[in-house]
Amino acid sequence: MKRRSLLGAALVAPAFAYVALLVGLPVVLSLFLSVSDARVGSEETRFVGLANFAGALATPAFRAALAHSFLFTLISQILVIAGATLLALSLKEAFRGRGLVRFLVLLPWVAPISLGAIGWKWLLDSIYSVVNWALAAAHLVDPMNPPMWLGEPRLAMLSVVLVHTWRTLPFATVILLAGLTSIPRDIPEAAAVDGGGFWRTHFTITLPMIRPIVLVALLFGVVFTFTDMTAVYILTRGGPADATQVLPSLAFFTGILGGDLAGGAAISLFLFPLLLAGAIVLLRIARRSEVT
Amino acid sequence: MRARGVLRLVVAAFALVLSFPFYWMLLTSLKRTSDLYNVENNPLLFNEAPTLEHWRFLFVETLFPRWFANTALVGVAVVAITLVLAVPAAYALARLTGRWGERAGIGMFLMYLVPPTLLFIPMSRVVAVLGLQDSLWALVVVYPTFTVPFATWLLMGFFKSIPKDLEDAAMVDGLSRFSAFVKVIVPVSFSGLVTVSIFAFTLVLQEFVYALTFISSASLQTVGVGVPIYLVRGDVYYWGELMAACLFACVPVAIVYNLFLDRLIQGFTVGAVK
């Protein structure tokens, strides 16, 4: 028995050492950087306490980015959960062409996000936008004065949110679909026999049964969205005039492009509380399923 | 049965909206430049004869093939490191370590949630100390920080689903546990290993933030950064080439995902689905 757990530890050690070293070390380093005045190229760094955090909180650009991050995450994930629930319910039963539909629906999630985003940059182009062309053809916008999707502050935020919704919706859908197919078929069927209509059956019986998995999908969505900078970076570079800047992109512009390592590290660390909360909820879900 | 009709409509609408950008990529990549940039034209049709010129330009005149080779190189190296580290760890967590192994497994999974955007600034220091700035090796070293937790978690579920009797029988036949693992378990888990390798590779293909941060030479880019950042000259977007490149990188991944998706979902939702 002893030898067995010794072998176990020996087999586990390399993977844990690698990850602990290359994730743990940067995390610690990030804490050190955030209380220093480190810049790219500076040899000596001093301890400055919480000045970087206080400094960040005092700048309007940071406060705007913080608000955008929450707005961006909240709105896109509400849309994702609503859309994914509807889509998963619709895809549950087998029908002709389901395989093809699944392939098409999954595309936004499997495509590298930077490439999906550049596709949208072209779809929303200021002159050749096919979206505007279609809206104009439907007489919804004035073809002489079309909306500048990525050029006006509010529209730019809306575009970034919608692109992120487009990107994460398929992932939530497949997770919910897995949850739906794990429900014994006879329960919704019994409800239908008892006279509940399709929608009522699903909203009162099926959806409450898959609540844990809806929560899992939501948590992944929130974590991936809150910490993502790719869509914003490709579509708007945080602009126009910081109107779509989010915490991760601001950290990138400050710490990497601006060379202010300390300031960038401090901004990144503002992501941490939400990640921690997400991790705690996930742990609770895991523990509960262990007990039952 | 009205509900059924509504469902069909919902499915069709979602499929159309979600996949339209890819259709648009295909259309754009095959249109002549003069057709693309004529606002009088109906953009959904070929107003002039289609052309492969953008595709030719992409593969012959740009660094795209180079980026593809870079991505493949990094991907293969990362998958190798991932398997070497994750396969023994996952096996041990599934079979040998008991209760603390379960906790360690969850801890490993949580590492997967630590995002590049939290780590890229200190990681750039680590990369600098290792002397790997502007080198593909930086990516080879750093990417396993997310592929190893991901692969360990998936493989753990996979090994748990293999009956214990299999190794027990092999050990009765005189093999040590370690050689039972190598000679019996690894061969029967072949499909699981393939699944994990493929997903680790696609994670590499999808990564953007680290590659953008660590690599500064145009010729050393991966597809994910090279296409959206370096295929743009100044302010000029070569939309035909850009869309061809996006499509070329996306479609193979999409096909692979569809083949292996069910296994991935099983692994991701272990515990939440009963």
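Here is a short tour of the structure, one selection at a time.

Before you click anything, know that this is a predicted model, where local features need pLDDT of at least 70, side-chain atom pairs count only at pLDDT 80 or more, and totals for chains, interfaces and linings use all residues. Residues are numbered from 1 along each chain as its sequence is written, while chains are lettered from A and ligands numbered from 1 in the order in which they are written.

**Stop 1: chain A.** Select chain A and colour it by secondary structure. You'll find 14 helices and zero strands (helices are DSSP runs of H or I with at least four residues, strands are runs of E with at least two, and both are numbered from the N terminus). The C-alpha trace spans about 80 × 75 × 30 Å along its principal axes. Of the 292 residues in chain A, 45% count as buried; a residue is buried if 20 or more other C-beta atoms, placed from the backbone, lie within 10 Å of its own, exposed if 12 or fewer do, and partly exposed in between.

**Stop 2: helix α7 of chain A.** Now pick residues 153-181 of chain A. This helix has 29 residues and reaches 42 Å from its first C-alpha to its last, close to the 42 Å expected at 1.5 Å a residue (the expected span is 1.5 Å times one less than the number of residues). Where does α7(A) bend? Zoom in on Thr168(A): the bend there is about 35°, and Pro170(A) follows within four residues. That angle lies between axes fitted to the seven residues ending there and the seven starting there. Since 22 of its 29 residues are buried, α7(A) is largely enclosed by the rest of the structure.

**Stop 3: the two domains of chain B.** Switch to chain B and colour 1-51 as domain 1 and 62-268 as domain 2; these bounds come from an automatic or database domain assignment. Their C-alpha centres lie 33 Å apart. The contact takes eight residues from domain 1 of chain B and seven from domain 2 of chain B, where contact means C-beta atoms, placed from the backbone, within 7 Å. On the domain 1 side, the largest share, five residues, comes from α1(B).

**Stop 4: the core.** Finally, show Leu176(A), Ala89(B), Ala90(B), Leu155(B) and Cys246(B), the residues with the most contacts inside the largest nonpolar core, which has 162 residues. Such a core is a set of buried Ala, Val, Leu, Ile, Met, Phe, Trp, Tyr and Cys residues joined through C-beta atoms within 7 Å. Domain 1 and domain 2 of chain B both give residues to this core, so it lies between them. Which residues does Leu155(B) touch, leaving aside neighbours within four places in sequence? Select Ala86(B), Val87(B), Ala90(B), Gly192(B) and Val196(B) to see these contacts.

Technical notes. Two residues are in contact if their C-beta atoms, placed from the backbone, lie within 7 Å.
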